[in-house]
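Me: I'm new to this structure and I'd like a close look at one part of it. Could you take me through how the helices pack, and then show me a few residues around them?

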Amino acid sequence: MFELADPWLLLLLPLPLLGMRLLGPQAMAGGAIRVPERIGGALLAAGRHSAGGGKMQMRQVLLWSIWALVLLAASGPRDLAPVSALKVTGRDLAIVLDLSGSMVRDDFDLDGRQITRLEAVTTVGAAFARRRGGDRVALVVFGSEAYYAAPFSFDVEAIARAIEGAEIGISGRATNISDGLGLALKRLQNSAATTRVVILLSDGVNNAGATNPRGVAEMAADLGVRVHTIALGPKDLDSAAEGERGVVDAATLRAISQISGGESFRVKTTDDLVAVTDALDRLEAIESQGLAAEVFRDYWVWPATLAGLLGLWLGWRERG
């Protein structure tokens, strides 16, 4: 709705007229000069012509118009612009991603093409992150060590790009699930969010670090952090032959989720991974509405510009 921020300023519109009445016309001071009668008559005629009605009236109109436009600009014409508010769920969500050496195995399929586990995870994981508008999302990656790859942010596009840029080997080639989960818990420990969630994805067996993953899960439970786990890979320790490499410890990941109150998922194909992200969207829904924002759109520049142009035109006429 259109309105004026300071409408009382328009009461100043008759101020110049009031000033003229109170102060009266200013007396012209000067000396006398004697000139021939013919020249004096010509000067008086020119004076009457310059003070003639049309030009003076136009000058008065321009001055009053400039004054009115300046007051209108100063009064702050504006209207309330519609602004779509960002949905805020009150949830902090940490994605903990395994970048160990086994993620290089190309035993996944996407659109008829053989791809590595990492490519499947980054493709589906980035799409999942982009759907989390309203959550504060962070990214933790781990191999032999754990790193805080992206801090908590509402900028889910930045998180998605960080996932897409993840590379195997930047954090070592072993699998340190405990440190990856522990680092996420450390960042969530002081969070004021009403809901704190970790999504832990791994395709291997914890073989680095000094901490037991189940012990870290108990810390998550104590902190009130829910951990959902995704066990990635065609085979796990229960179904693989003894000594077979590249299998996932699904039992440990399942235990982590059970201890912390989360859900566990078993992923063997790319379609399974897509279905899991859809399920996580349902479990951690983004239904909350954000705070309403009122933003005014100002129009003062238009009367101010018009007043300036009229002033320039008046100055040009006065010089002519």
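Reply: Here is a walk through the helix packing, with some individual residues along the way.

Keep in mind that this is a predicted model. For orientation, the protein has 10 helices and 11 strands. Of its 320 residues, 37% are buried. Among the contacts with a separation of 6 or more, 81% link residues 24 or more positions apart.

Let's begin with helix α4, residues 117-130. One of its partners is helix α9, residues 270-283. How far apart are the axes of α4 and α9, and at what angle do they pack? The axes are 10 Å apart, and the angle is about 25°. Angles under 35 degrees count as roughly parallel, so α4 and α9 are roughly parallel to each other. As for handedness, α4 passes α9 in a right-handed crossing. On the α4 side, the contact is made by Ala120, Val121, Val124 and Phe128. On the α9 side you'll find Thr270, Leu273, Val274, Thr277, Leu280 and Asp281. Sorted by class, the residues of this contact between α4 and α9 come out as 7 nonpolar, 2 polar and 1 charged.

Now pick out Asp281, which sits in helix α9. Is Asp281 buried or exposed? Its relative accessibility is 19%, and buried means under 20%, so Asp281 counts as buried. Leaving out residues up to four places away in sequence, Asp281 touches Phe128, Arg131 and Arg132. Phe128 has come up already, as one of the α4 residues in the contact with α9. Arg131 lies 150 residues from Asp281 along the chain, yet their C-alpha atoms are separated by 8.2 Å.

Back to α4, which also packs against helix α5, residues 156-164. Here the angle is about 175°, and the axes are 8 Å apart. That makes α4 roughly antiparallel to α5. From α4, the contact uses Thr122, Gly125, Ala126, Ala129 and Arg130. From α5, it uses Val156, Glu157, Ile159, Ala160, Arg161, Ile163 and Glu164. By class, the contact of α4 with α5 has 6 nonpolar, 2 polar and 4 charged residues.

There's a loop residue worth a stop here too. Met103 is in the loop between β3 (91-98) and β4 (108-110). Its relative accessibility is 0%, so Met103 counts as buried. What does Met103 touch, not counting residues up to four places away in sequence? The list is Asp98, Thr116, Arg117, Leu118, Val121, Ile168, Leu201, Asp203 and Leu232. Thr116 is 13 residues from Met103 in sequence, and the two are 6.8 Å apart in space, C-alpha to C-alpha.

Next comes another pair, α6 and α7. Helix α6 covers residues 177-188, and helix α7 covers residues 213-223. Their axes come within 9 Å and cross at roughly 15°. This angle is also under 35 degrees, so α6 and α7 are roughly parallel to each other. The crossing of α6 past α7 is left-handed. In α6, the residues that meet α7 are Ile177, Ser178, Leu181, Gly182 and Leu185. Facing them in α7 are Pro213, Val216, Ala217, Met219, Ala220 and Leu223. The residues of the contact between α6 and α7 divide into 9 nonpolar, 2 polar and no charged.

Take Ser178 from that α6 list. Its relative accessible area is 2%, so Ser178 is buried. Setting aside neighbours within four places in sequence, Ser178 is in contact with Asn206, Thr211, Asn212, Pro213 and Val216. Pro213 and Val216 are among the α7 residues that meet α6.

Two last stops lie elsewhere along the chain. Glu3 is in strand β1, residues 3-4. With a relative accessible area of 25%, Glu3 is partly exposed. Beyond its neighbours within four places in sequence, Glu3 is in contact with Gly76, Pro77, Arg78 and Phe296. Ser75 is 72 residues from Glu3 in sequence and 9.6 Å away in space, C-alpha to C-alpha.

Finally, an unreviewed UniProt entry lists residues 299-316 as "transmembrane region". In the model, the chain over residues 299-316 is 89% helix and 0% strand. The end C-alpha atoms of that stretch are 27 Å apart.

How values were computed. Residues numbered from 1 in each chain as written. Predicted model: local features only at pLDDT ≥ 70, side-chain atom pairs only at ≥ 80, totals over all residues. Heavy atoms only, no water. Axes fitted to C-alpha atoms, helices over the stretch in contact; angles between N-to-C directions. Helix = DSSP H or I, 4+ residues; strand = E, 2+ residues; numbered from the N terminus. Parallel < 35°, antiparallel > 145°, perpendicular 65-115°, else oblique. Left-handed = near helix turned anticlockwise from the far one by under 90°. Contact = heavy atoms within 4.5 Å. Nonpolar A, V, L, I, M, F, W, Y, C, P; charged D, E, K, R; others polar. UniProt positions renumbered as here; feature names shortened; annotations may be inferred. Buried < 20%, exposed > 50% of the residue type's maximum accessible area, 1.4 Å probe, protein only.
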